[in-house]
Amino acid sequence: MFPTPIHQRPIVNQYIYKIFLPISLIIWLIPIFGILMTSIRGLGDITAGNMWGTPSEFLLFSNLHDVFTNTPMIKYTLNSFKVTIPTMLGAVALSCMTGFALANYKFRTNLIIFFIFIAGNFVPFQILMIPVRDLTFKIGLYNTITGLVLFHVAFQTGFCTLFMRNFIKALPQELIEAARMDGASEFRIFWKIILPLTRPAIAALCVLIFTFIWNDYFWATVLIQGDHAMPITAGLKSLNGQWITAYHLLSTGSIVAAIPPVIMFFLMQKHFIAGLTLGATKG
Amino acid sequence: MELNNSKSKRITWWQRNQVKISPWIFLAPGLIFFSIYVIAPIFVSIGISFYQWDGLSPSMYVGLQNYIELLDDEYFYISLWNNLKWLIFFMLAVPIGLGLAIFLNQIVFGIRLIKSLFFFPFVISQVVIGLIFTWFYQPNYGVIAPFLNLIGLEGFSILANENTATYGIIFAGLYPQIAYCLILYLTGLNNINPEQIEAGRMDGAKGFHLFWNIVLPQLRHATFLAVVVTVIGALRSFDMVAIMTQGGPYGYSNVLAYYMFEQALSEYGYRMGYGSAIATVLFTIMMFYILFFIYRMYRNEREDNN
């Protein structure tokens, strides 16, 4: 193990480490504490410049109430779910199939297609922006959640294919060979053998895509204009313009926007990390 | 007999060919979707960069005019230069992430929770991070205002100063990026072969020597991923700039990604052709890294097959 485990070190070092660990964590999380603290304050504290002192009033619920009733925050949050969940399902479904095809069959263009998926996944969004916006206009889906979902599904299929293909490729080939010998059709192999085995990969992709799409800001601004379809990231940005110095409301709104991916992360941390490291984890 | 024969023939036809046809059936939906929304637009964008077009009226072919204009555009150079700053300083996320990973790679009480809390910033939207840091930087009622006053910079606004704005944004951007690199390196440290470390220790390797010669080479995969995602992140930087400064003051914190958006889709006008030319430049820069990544993957594939 590297570095040397702390319990093999002198007792003094152990104490120093145990003291430094929480201190470093607190320093690291200062920005997060900042919004948490501010979300419970009232306007009085903000204008008085009381940012780090004890809040003079506990107003979290009143702030939440303000944010939810005076702004379209509920609408934004719902929109975010309406964009995120279908994208997650769509991209994972498509990439199970593409991943299976690329991992399992030898054909001449296999690697080329695989690399096209990877390359597409890394391109700057700006090179896609104008044609995608145009296309979305033409099919009448500009400013709709469906339009945004369709693009997200297509784009995320690149990353998901990379992940799925590598995952399926690492599965024992004998299983598939044996099934083929028994006369199972290719679709049966996919459905009955591969899909159940890819469950961990599907879980990893679901959390990752959920976070990516929930946090997307660029495409939300390019493809959506009105409150009716705007997800929470773009909504927060537009509220920022109205709130100017109402930092207590801004903080409360930010927390609302951050909660779903944070919950997702804590519930599925192992899968999340497996996804990020492209499956390079042993648990 | 006759009937039976033809039936078995049909089955053999499908059996003989299903392995050939199936991959295409499985690939079709994903590949078609991806081609329409990702692959084709790249070429369309490059095409548009040779036109003058406001998105509504008919477009006009202007050849290389947009690119010639770019060469003379002061704001283009500022953005390009800022992208370079992003590339250089964003890279700090890699060593800092590695350092933190080594610091946290211990087994003590509560370490799992502590690690998760360190990952935290990565999970949160860049919009939220950008808003938090903008507020931190506020000259009068911001969080760092007391510190600025302490060093005699009363009322100094990091994001409104042309010399500091970009660094202020990069610093905010580093926050989630360090967390990302930390995740990659913690996983890497977890996967290190303990026997090699022990063997190194037997041979008297210690501290930095052990780290540099035995640990770091084993973290190659993590380092590679960390560098790739950080480079891509630096070149893709858009959200932070859009939230924190919108390229200001006077374009001094602009980056190519945001400048393109501003030219093509904002109140400054709808210059689709010019925007596409900027996007094409950004794409070309990115292509180097993409090809490098693919080359590495290709090499790995070949090793796997041999």
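Student: At what angle do helix H6 (residues 126-137) and helix H8 (residues 165-190) of chain B pack?

Tutor: In this predicted model, helices are DSSP runs of H or I with at least four residues, numbered from the N terminus. Axes are lines fitted to C-alpha atoms over the stretch in contact, and angles run from 0 to 180 degrees between N-to-C directions. The axes of H6(B) and H8(B) are 10 Å apart, and the packing angle is about 135°.

Student: Why is H6(B) described as oblique to H8(B)?

Tutor: Angles under 35 degrees count as roughly parallel, over 145 as roughly antiparallel, 65 to 115 as roughly perpendicular and the rest as oblique. The angle here is about 135°. Therefore H6(B) is classed, relative to H8(B), as oblique.

Student: Which residues of H8(B) make the contact with H6(B)?

Tutor: Two residues are in contact if their C-beta atoms, placed from the backbone, lie within 7 Å. Residues are numbered from 1 along each chain as its sequence is written, and local features need pLDDT of at least 70, side-chain atom pairs count only at pLDDT 80 or more, while totals for chains, interfaces and linings use all residues. Chains are lettered from A and ligands numbered from 1 in the order in which they are written. H6(B) contributes B:Gln126, B:Ile129, B:Gly130, B:Phe133 and B:Tyr137, while H8(B) contributes B:Gly168, B:Ala172, B:Tyr175 and B:Pro176.

Student: Which helix gives the largest share of the side of chain B that touches chain A?

Tutor: The contact between the chains takes 78 residues from chain A and 79 residues from chain B. On the side of chain B, the largest share is 20 residues, and these come from helix H1 (residues 2-48) of chain B.

Methods: Helix = DSSP H or I, 4+ residues; strand = E, 2+ residues; numbered from the N terminus.
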